[in-house]
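Thanks, everyone. I have one structure to walk through today. Please have the sequence and the 3D view ready.

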Amino acid sequence: MMLNRGKARAYANIALIKYWGKRDDQLVLPMNSSLSLTLDSLYTETEVVFDEKVDRDYFYLDGKIQDMESTNRVNRFLDLFRDAAGINRFAIIRSINYVPTGAGLASSASGFAALAAAANVASGLNLDHRELSIYARQGSGSATRSIYGGFVEWKKGTNEEDSYAVPIDDGKWDIGMVIVIVNSRKKNISSREGMKQTLLTSPFYNNWVESAEEDLKRIKIAIENRDIKLIGKIAEANSFKMHATMLGADPPLLYWEPETIRVMEIVYELREEGTPCYFTMDAGPNVKILCRLSDAQRIRRRLEQGFKSKHIIVAGSGPGITVL
Ligand code: 2P0
């Protein structure tokens with residue numbers, strides 16, 4: 001009898017070279033290649049059961065049944081597995097998010113990577129990591145990278161078959177992040193809509209794509225040399241360039257809040273005092289600080305002077321998908 005149940009965990013990733021815009025919305029093919037660090041303390045666990053007794057897909061997130069919009073997105077994604085494996089049963093999907101949903105902490109990355117890994121087991125397809133990253137990509141772009149641990153590149157590729165993730169460095173050295181949750185409310189505008197708006201209307205968009213490809217080449221060399229100062233400098237500048245491009249959109253996309261800038265100022269102060277640390281921001285107000293893991297607790301203590309302890313998360317480099 002075919003195995004019809006699968007459970008997996010996937011970890012969030014934070015992009016150091018950002019993905020912001022698709023050249024194909026349906027296949028989720030990005031305009032530029034991107035690169036991220038997978039984190040160990042933010043993750044999603046998902047179970048998929050293909051069950052002949054249900055008449056549609058049922059999606060539970062953190063124990064709560066989800067609305068049709070979320071369920072339909074999961075349904076379309078699982079169809080990729082059902083079609084490939086010849087399964088005609090619907091599924092019950094139970095997901096627990098150990099990431100504040102919609103807070104700009106890449107919950108869709110760990111979410112769709114965990115879903116892909118669980119569906120891979122439940123469907124009996126047994127796809128390898130490369131194929132799985134191609135599947136995960138079609139759920140959410142950033143999920144492509146969460147298939148692997150450490151530093152991961154998502155190659156933009158030339159077609160739907162060669163746009164996938166590649167592990168660059170296992171990250172098993174003195175590197176980590178301190179995340180400051182400035183606001184964990186769900187954002188008003190999704191990344192999906194925000195990137196479309198930016199691509200269509202920002203006059204800076206083409207320059208962003210060119211510049212991101214250059215940054216990617218440079219950061220890969222810096223990672224190879226474990227040069228944290230150069231990695232951080234490139235990542236911080238890349239994040240600023242993405243936000244500048246967003247600000248050029250019509251209507252403009254401003255994700256920062258006053259406290260976002262306050263964190264940036266603290267990072268500048270720490271750097272002046274000799275601690276190498278660098279920030280990066282995504283489609284939300286939260287700030288992720290790249291640093292040596294051995295400096296992370298000291299950075300946390302400094303941040304605790306202005307922010308609540310429960311809003312500060314320290315993370316090391318995390319692993320790839322894990323079947324449970
Ligand atoms: C990234 N972000 O590279 C960039 C930087 C946010 C800012 O990937 O439409 O949820 O599902 O492919 O992956 C967020 O976008 O978007 C994202 P879809 P996704 O991490």
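I will start with the whole protein and then go to a few single residues.

First, a caution. This is a predicted model. Please keep that in mind throughout.

Now the overall build. The protein has eight helices and 14 strands. Its radius of gyration is 19 Å, close to the 20 Å that the globule rule gives for 324 residues, so the protein is as compact as a globular protein of that length. Along the principal axes, the C-alpha atoms fill a box of roughly 65 × 40 × 35 Å.

How much of the protein is buried? Of the 324 residues, 55% are buried. The protein exposes about 14,100 Å². Carbon and sulfur atoms supply 49% of that area.

Next, contacts across the sequence. Take the contacts between residues at least 6 apart in sequence. Of these, 75% join residues at least 24 apart.

And the charges. There are 42 positive side chains and 41 negative ones. The centres of the two sets lie 3 Å apart.

Let's go to single residues. Find Asp-215 in helix α5, which covers residues 205-224. Is Asp-215 buried or exposed? Its relative accessible area is 3%, and the cut-off for buried is under 20%, so Asp-215 is buried. What does its side chain meet? The side chains of Asp-215 and Asn-238 are joined by a polar contact of 3.0 Å. Leave aside neighbours within four places in sequence, and Asp-215 is in contact with Ile-17, Ile-234, Asn-238 and Lys-241.

Second stop, Asn-97. This residue lies in strand β7, residues 90-97. Asn-97 has a relative accessible area of 13%, under the 20% cut-off, so this residue is buried too. Which side chain makes a polar contact with the side chain of Asn-97? That of Thr-44, at 2.7 Å. Now look at Leu-61. Along the chain, Asn-97 and Leu-61 are 36 residues apart. Their C-alpha atoms are separated by 7.3 Å. Beyond its neighbours within four places in sequence, Asn-97 has contacts that include Tyr-43, Asp-62, Ser-107 and Ser-110.

Now some backbone geometry. Most residues other than glycine have a negative phi, and most peptide bonds are trans.

Start with Val-28. Where is it? In the loop between β2 (22-24) and β3 (29-30). Phi of Val-28 is near 55°, a positive value in a residue other than glycine. Val-28 counts as buried, at 1% relative accessibility.

Then Arg-226. This one sits in the loop between α5 and α6. Phi of Arg-226 is also positive, near 50°, and again the residue is not glycine. Is Arg-226 buried or partly exposed? Partly exposed, with a relative accessible area of 45%.

Last, a peptide bond. Which bond is cis? The one joining Asp-250 and Pro-251, with omega about -5°. Pro-251 is in the loop between α6 (228-247) and α7 (258-272).

To recap the single residues. Asp-215 is buried, and so is Asn-97. Val-28 has a positive phi, as does Arg-226. The bond between Asp-250 and Pro-251 is cis.

That's my tour. Over to you for discussion.

Technical notes
Residues are numbered from 1 along each chain as its sequence is written. This is a predicted model: local features need pLDDT of at least 70, side-chain atom pairs count only at pLDDT 80 or more; totals for chains, interfaces and linings use all residues. Side-chain values use heavy atoms; hydrogens and water are left out. Helices (H or I, at least four residues) and strands (E, at least two) are DSSP runs, numbered from the N terminus. The radius of gyration is taken over C-alpha atoms; the globule rule is 2.2 Å times the number of residues to the power 0.38. Buried means under 20% relative accessible area, exposed over 50%, partly exposed in between (1.4 Å probe, protein chains only). Contact means heavy atoms within 4.5 Å. Accessible areas come from the Shrake-Rupley method with a 1.4 Å probe; for residues, only the protein chains shown count as cover. Lys and Arg count as positive and Asp and Glu as negative; His and the chain ends are not counted. The place of a charge is taken as NZ of Lys, CZ of Arg, CG of Asp or CD of Glu. A polar contact is a pair of N or O atoms within 3.5 Å; within protein, one must be able to donate a hydrogen and the other to accept it, and residues adjacent in sequence count only if both atoms are side-chain atoms.
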